[in-house]
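Here are my notes on this model, as numbered points. Please read them with the coordinates open.

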Amino acid sequence: MKKFLLSIATVFSIGAAQAQIFLNEVYVQPSVNHHEFIELFNAGTTPASSGCYTIITYFNDGTDYGFYVIDLPDVKIAARSYLLASSEGTFNYQNGQAVADVNWNLASNITRYVYTNGSLQVDNTGAPYYDIFTRAAAPGGSKKGPYAIFLYDGSTLVDGL
């Protein structure tokens, strides 16, 4: 019986280890007629679901600061394949046009949290969101400072930049 349970546990752990989703590409500063997007990559050898993944981005627009939280809907990502999430269903980027697997505005899976009076408060002012990677404006109007993007699988941090 112990050998049987051990072999079942081994099969499940190998299957779980094969689905590995990572941040692959992030387009954070779109110009006119271009859109932000996030690309995830399933490096595993089996299909994976995006339903348990969350993307969190930090923003500071010079007035407000906080986080955007995108709870990804359940979309199958084939082995060694990509998932594109954007603010538009069909979006433009510097080298052309693509169709997003997830439109975070259409799916209403995005929430904006703003730091106010010592705590984070839900504040969806300004929705739909087309600039979730906002950096603080420096004197003179140029954007300076870091971006922060995190990918969570449930409550486990998987990747970040």
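1. Start with Arg80, in the loop between strand S6 (76-77) and S7. The model is predicted. Arg80 is not a glycine, yet its phi is positive, about 55°. Most residues other than glycine have a negative phi.

2. Is Asn117 buried or exposed? Its relative accessibility is 79%, so Asn117 counts as exposed, the cut-off being over 50%.

3. Check the peptide bond between Ala127 and Pro128. It is cis, with omega about 0°. Pro128 belongs to the loop between strand S12 (119-122) and S13.

4. Next, the hairpin. S13 and S14 form it, with two residues between them. Gly154, in the turn, has a positive phi of about 65°. The pairing of S13 with strand S14 (residues 156-160) is antiparallel, over four bridges. Phe150 stands opposite Gly160 in S14.

5. Now the largest nonpolar core. It has 24 residues. Ile38, Leu40, Ile70, Trp104 and Ile132 touch the most other members. Elements giving two or more residues include strand S1 (21-27), strand S2 (37-42), strand S5 (65-71) and strand S13 (148-153). S4 gives the largest share, three residues.

6. Which residues does Ile70 contact, neighbours within four places in sequence aside? They are Ile38, Tyr53, Thr54, Ile55, Trp104, Asn109, Ile110 and Ile132.

7. A second, separate core has six residues. Among them are Phe37, Phe91, Ala98 and Ala100.

Terms used. Residues numbered from 1 in each chain as written. Predicted model: local features only at pLDDT ≥ 70, side-chain atom pairs only at ≥ 80, totals over all residues. Heavy atoms only, no water. Core = buried A, V, L, I, M, F, W, Y, C linked by side-chain atoms within 4.5 Å. Buried < 20%, exposed > 50% of the residue type's maximum accessible area, 1.4 Å probe, protein only. Contact = heavy atoms within 4.5 Å. Pairing = 2+ DSSP bridges.
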